[in-house]
Amino acid sequence: MTTRTRRLDDLPFTGKHRRLLTGSGVGWALDAMDVGLISFVMAALAVQWDLSSTQLSWIGSIGFVGMAVGASLGGLLADRVGRRQVFAATLLVYGLATGAAALSASVAMLIVLRFVVGLGLGAELPVASTLVSEFAPRKVRGRVVVALEAFWAVGWLLAALIGYFVVPTGDDGWRWALAVGLVPAAYALVVRFGLPESVRFLESRGRYAEAEAVVRDYEKSAGVAYVPDEQDDGHEESVVPGEPAERGSVWAPHLRRRTAALWIVWFGINFSYYGAFIWLPSLLVAQGFDLVTSFGYTLVITLAQLPGYAVAAWLIEVWGRRTTLGVFLAGSAVSAGLFGLAETPGTIVAAGMALSFFNLGAWGALYAIGPELYPTPVRGTGTGSAAAFGRLASIVAPLVVPLLLDGGGNALVFGAFAASFVVAAVAAFTLPERAGTALDET
């Protein structure tokens, strides 16, 4: 490990780290708000535009097609042009597209714009987690990344509030809800000029002076004076500035097993999460609840995401990444099975809250473990490609829900989700444990 990254890893958690976490987290919450809003928009349009289940499925799935493409491209670009640059660009893309979607005059127009929204969303998430992971002090890195992921619950809660209070207000309620999506476009400026670039990325591109300035800024925030390392002979400075570090592959022999396991976890958790939560308001309406009641139940269920993240953030430095991820995935499987069998309002809400608790805790652990599995030259690519593969499941899930409903009702739908969680849990337990270790550089 270079002197700079060691210095950065050994710092305490400071106000600088907190500002980075909050700045990235706000972008993350805005992402979640956008993804969550579409479930409420679908429920409203099903009534207002008299849409078929097939049309609704495509509205729900097309954004994930964009996310699959965006996640792959975003990770590659983050390893080439920088984490911060890609983060800001993706916020701009999906914010403008969401605002434009509010003006949709047809299903086709809405589908096209949701695809563009997905491009931005898919690219942003793995890039933001990589940026935060590369700055977080080693001793609390997992906890910090789970805290970042917890902003997802804040965004989803905002979506539930907008869905409950804004969407049912009239025929244009769903348009006003989507118009809120313009906020990320403005926030892109904050990210571009207010957040630092990754020190590890800067070093991988030979931009040592910039990397040194960032590290010293964080040391100053911690009240740590820079002391030159006598054993640091400056050999790294002989690298030609701007020359990229040698790139490898996420399928290299020493990485392929963890890559395969990570892809399986991403696929399983995406299939179950998006299949369940994108359709949740519509499924409740189909069970006989009116629109406002179904949105209210969804809001209550969403609240359970926050304690799920909090518990995962604590356990991830106690149990480790792998065990926390596996246990929360197993809890998600049990909760999904119980939700499929629930019939009364009380059991529906209770099972739904358990599913929110365990599922979102698992998401937090997944985002924490991903960047730790790869060296700096392919860290963005590794996390982005896994996310992209997972998005394939998020495309499929909303499309197969109507088929599963016809074949066996809610029991079959959530039985399939439970099975997907089980497969993901098994794969999670095969991942290497990296708690307390330094991020690999090469």
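## Ground rules

This is a predicted model, where local features need pLDDT of at least 70 and side-chain atom pairs count only at pLDDT 80 or more, while totals for chains, interfaces and linings use all residues. Numbering runs from 1 along each chain as its sequence is written, and side-chain values use heavy atoms, with hydrogens and water left out.

Helices here are DSSP runs (H or I, at least four residues), numbered from the N terminus. The buried residues (under 20% relative accessible area, with exposed over 50% and partly exposed in between, 1.4 Å probe, protein chains only) are Y208, A211, E212, V214, V215, Y218 and E219. They sit on the same side of α10, because they cover an arc of only 165° around the axis, taken from the directions from the helix axis to the C-beta atoms. An α-helix has 3.6 residues a turn, so residues three or four places apart point the same way. Over on the other side of α10, A209 and K220 are exposed.

Just after α10, G223 takes a positive phi of about 75°.

## Helix α16, with a kink

Now for α16 (residues 376–428): a straight helix of 53 residues would span 78 Å at 1.5 Å a residue, yet α16 spans only 22 Å between its end C-alpha atoms. The expected span is 1.5 Å times one less than the number of residues. There's a kink of about 125° in α16, centred on G408; the bend is the angle between axes fitted to the seven residues ending at a residue and the seven starting there.

S129 lies in helix α5 and is buried, at a relative accessible area of 1%. Leaving aside neighbours within four places in sequence, S129 is in contact (heavy atoms within 4.5 Å) with W28, L148, Y367 and P371.

The whole structure has 19 aromatic pairs, meaning Phe, Tyr or Trp rings (the six-membered one for Trp) with centres within 6.5 Å; planes under 30 degrees apart are stacked, over 60 edge-to-face, and the rest tilted. W28 and Y367 make an edge-to-face pair, 4.8 Å centre to centre with 80° between the planes. That pair links distant parts of the chain, with W28 in α2 and Y367 in α15 (residues 345–372), 339 residues apart. W28 and Y367 also belong to one aromatic cluster with W152, W156, W266, Y273 and W363.

Conventions. Helix = DSSP H or I, 4+ residues; strand = E, 2+ residues; numbered from the N terminus.
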